[in-house]
Amino acid sequence: MSSDPGRHQEEGFKKLMDAVFQQSQASASQAIDEAEKKALAAIDESEKYALQKGEEISSSYREMATIEARKEISKAEIDARMGLLQLKESYVDLVLGEAKKKLRSFTTTPEYKALLLNELKAISKKMPVGELLVNAEDVALVGEDKIKRAVGSGVSITSKQIGTGGFIAIRKDGRAAIDRSIDSILESERKALRGKIAGTLFG
């Protein structure tokens, strides 16, 4: 059984996620910037130290001192950048954790119920759905009858904990599945954010 969660992530959840991420990132942005300045300052201090160390070594070892100084600069820069990467990754986790809390609250609202029903109707037009994996809370919120009217009366609804919310639709022949769970979208965002951070730091 194959799945294609990336291409089929629905726009309603995505727009909501974008809004939550922007708000969460704004609250962490100042702390990240301050940490970056401290890390860059550490790089500068290491460069000064390395050059001073080189000057203190006798002229007969000038070439060796230059090599040592360069090694010191390189190591200090790598250590500082790695430290900054780890710090920024921790803020990725913070942002996504905050987003997850807000989305969990959202899943109890009438807006979420309407969004879920609309997405279920949309997925039924993309493929014949044989089984639907949904949180038990979402089945209770929307109602089994409404879910079947949205997807098709022949669908089998399986109450299964799939995380924050959303659903996983399995094709009738079992050959494909579409993952529209909120946690799947969050994981995609985590990978994208980490990739951007690494690219910024290490080019």
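Two residues count as being in contact when heavy atoms of theirs lie within 4.5 Å of each other. Keep that in mind for this tour of a predicted model.

**A loop residue to start with**

Let us begin with Lys-172, which sits in the loop between strand E4 (167–171) and strand E5 (176–179). Setting aside residues up to four places away in sequence, Lys-172 touches Pro-128, Val-129 and Gly-130. Is Lys-172 buried or exposed? Its relative accessibility is 60%, so Lys-172 counts as exposed. Along the chain, Lys-172 and Val-155 are 17 residues apart, and their C-alpha atoms are separated by 8.4 Å.

**The strands around that loop**

E4 and E5 form a hairpin with four residues between them, and Gly-174 in the turn has a positive phi of about 75 degrees. The two strands run antiparallel and are joined by three bridges. Within this pairing, Ile-168 stands opposite Asp-179 in E5. E4 also has a partner in E2: five bridges join them, again in an antiparallel arrangement. Here Leu-132 stands opposite Ala-169 in E4. Four of the five residues of E4 are buried, so this strand is mostly covered.

Next comes helix H5 (residues 144–151), where Ile-147, Ala-150 and Val-151 are buried. Viewed down the axis of H5, its buried residues fall within an arc of 85 degrees, so they line one face of the helix. As a general rule, an α-helix has 3.6 residues a turn, so residues three or four places apart point the same way. The face of H5 turned away from the buried side carries the exposed residues Asp-145 and Arg-149. What do the buried residues of H5 pack against? They pack against helix H3 (110–126), strand E2 (129–134), helix H4 (136–142) and E3. Just after H5, Gly-152 takes a positive phi of about 140 degrees.

**The nonpolar cores**

The largest nonpolar core has 28 residues, and those with the most contacts inside it include Leu-120, Leu-132, Ile-147 and Phe-167. Helix H2 (62–106), H3, E2, H4, H5, E4 and helix H6 (182–202) each give two or more residues to this core. H3 supplies the largest share, six residues. Apart from this core lies another, of five residues, among them Ile-162, Ile-168, Ile-170 and Ala-177.

The C-alpha atoms of Ile-157 and Glu-144, 13 residues apart along the chain, are separated by 7.7 Å.

**An aromatic pair**

A search of the whole structure finds one aromatic pair. The rings of Phe-106 and Tyr-112 have centres 5.8 Å apart and planes at 80 degrees, so the pair is edge-to-face.

| Residue | Relative accessibility | Class |
|---|---|---|
| Ile-157 | 19% | buried |
| Lys-172 | 60% | exposed |
| Phe-106 | 19% | buried |
| Tyr-112 | 0% | buried |

Residues count as buried under 20% relative accessible area, so Ile-157, at 19%, is buried.

Conventions
Residues are numbered from 1 along each chain as its sequence is written. This is a predicted model: local features need pLDDT of at least 70, side-chain atom pairs count only at pLDDT 80 or more; totals for chains, interfaces and linings use all residues. Side-chain values use heavy atoms; hydrogens and water are left out. Buried means under 20% relative accessible area, exposed over 50%, partly exposed in between (1.4 Å probe, protein chains only). Rings of Phe, Tyr and Trp (its six-membered ring) pair if their centres lie within 6.5 Å; planes under 30 degrees apart count as stacked, over 60 as edge-to-face and the rest as tilted. The arc is that of the directions from the helix axis to the C-beta atoms. A nonpolar core is a set of buried Ala, Val, Leu, Ile, Met, Phe, Trp, Tyr and Cys residues joined through side-chain atoms within 4.5 Å. Two strands pair if DSSP finds at least two bridges between them.
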